[in-house]
Amino acid sequence: MMVIRPIHQDDLKSLYRLAEKTGIGFTSLIADEESLQRKIVKATRSFNKDVIDKPNDEDYLMVLEDTDTGDIVGTTGLLGAVGLDEPFYSYHLGTITHSSRELGVHNIMPTLVLNNDFTGFSEICTLFLEEDYRHSKNGQLLSKSRFMFLAQFPERFTDKIFAEMRGICDENGVSPLWESLGRHFFSIDFERADELTALGSKQFIAELMPNNPVYVNLLTPEARNVLGKVHKNTVPARHLLEQEGFRYENYVDIFDGGPTLEARVRDIRAVRDSRLYLATIGEVKEAGTGTYYLVANVKLADYRCILIQRPTPPHGGIVLTEEEAKHLLVEPKDPVRVVELSPHGGY
């Protein structure tokens, strides 16, 4: 069975193995043992905070475990609030109008404006799934399990939440936007800038990035074409977020131009439609047929989320098999949160 759970200290080797496979541009998970160790320590501390006054720098990093093998095959996470210790930068795609009554010219020019608009907001992040497991709706479980956590613990997150999507670069780490814009100000390769950011060093952005609007028309055609576009491996992740109600509002990453998607937590489909039921443990007729449902327990440090299949929707309660209950860490009459995996039976 595939189970989502908080990361543990003894997952470091598995996390490093996954980080080695993410590739350039995946800044939230890089193959640096010291950095990953800090993430695990911070996540453990975050999951063990019984009470919080308001969202802060908590890092709720979770993993997808194949219980048949014990292997960790994916990661997913949420951040309580970003940009509190260091500025969080993005570009906003806007416009500036230039006009001349004498010449009869009226031009609307697209621009990129550096901003900190997402400072203090919660973020969903660190979504990665091993290639061999990209089937059987594992990607949906990995992505949408975060929304079940959001629904159960809304006080740990801001009303608005966002996701930075990985932008376009090639297998050699060449980013069209970086080559057309960033390189002129930083004088380093995209991969190095990405690495510094991933390691938490962002002061160089404030020191070197231009604060004036950047005219998009002055960029190369290749750079203009990647603004708001995602890496080919990120297309499914973007689709899943948009399916849940996330929208692109013209914010892009300052390095690779990848889109930032955002949503009000209350408007996320899986948050809005999820319901609490009391669990019954027993034999389930026709288990493994019908509609897919996400099922999560209501625990914090021992959070668990799985995917089940049922021929009929739950009414008043939900019957779990012994195996399902075991991996959810629930007993009879314990509350569980349930929601249909895909809206209207979609992808």
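Okay, let's start with Thr126, which counts as buried at 3% relative accessibility. Buried here means under 20% relative accessible area, exposed means over 50%, and partly exposed is in between, with a 1.4 Å probe and protein chains only. Before I go on, this is a predicted model, so local features need pLDDT of at least 70, side-chain atom pairs count only at pLDDT 80 or more, and totals for chains, interfaces and linings use all residues. Residues are numbered from 1 along each chain as its sequence is written, and side-chain values use heavy atoms, with hydrogens and water left out.

Back to Thr126: you'll find that residue in strand E6. Helices (H or I, at least four residues) and strands (E, at least two) are DSSP runs, numbered from the N terminus. What does Thr126 touch, leaving aside its neighbours within four places in sequence? The list is Phe26, Ser28, Leu29, Lys39, Leu61, Thr75, Thr76 and Gly77. Contact, by the way, is heavy atoms within 4.5 Å.

Keep Lys39 in mind from that list. Lys39 is itself buried, with a relative accessible area of 16%, and it forms a salt bridge with Asp59, where the closest N and O atoms are 3.4 Å apart. That pair links distant parts of the chain, with Asp59 in strand E2 and Lys39 in helix H2, 20 residues apart. Asp59 counts as buried too, at 6%. For salt bridges, the cut-off is a side-chain nitrogen of Lys or Arg within 4 Å of a carboxyl oxygen of Asp or Glu. A search of the whole structure turns up 15 of them.

Arg38 is partly exposed at 43%, and Glu34 is exposed at 57%.

Now helix H1, residues 12-22. Which of its residues are buried? Leu12, Ser14, Leu15, Leu18, Ala19 and Thr22. They sit on the same side of H1, because they cover an arc of only 160 degrees around the axis, the arc being that of the directions from the helix axis to the C-beta atoms. Over on the other side, Lys13 and Glu20 are exposed. The buried residues pack against helix H2 (33-47) and strands E2 (59-66), E3 (71-79) and E6 (122-129).

On to the cores. A nonpolar core is a set of buried Ala, Val, Leu, Ile, Met, Phe, Trp, Tyr and Cys residues joined through side-chain atoms within 4.5 Å. The largest has 41 residues, and Phe147, Phe149, Leu150 and Phe246 have the most contacts inside it. Helix H3 (residues 138-152) gives the most to this core, seven residues. Apart from it lies another core, of 23 residues, among them Tyr91, Leu181, Phe186 and Phe190.

Phe147 is worth a click. Beyond four places in sequence, Phe147 is in contact with Ile124, Leu241, Glu244, Phe246, Ile268, Ala270 and Val271. And Glu244 has a salt bridge of its own, to Arg269, with the closest N and O atoms 2.7 Å apart. Arg269 lies in helix H9 (residues 269-273) and Glu244 in helix H8 (residues 235-244), so the pair ties together parts 25 residues apart in sequence. Buried or exposed, that Glu244? Buried, at 1%, and Arg269 counts as buried at 7%. One last item: salt bridges that share partners join Arg5, Asp11 and Glu65 into one network.
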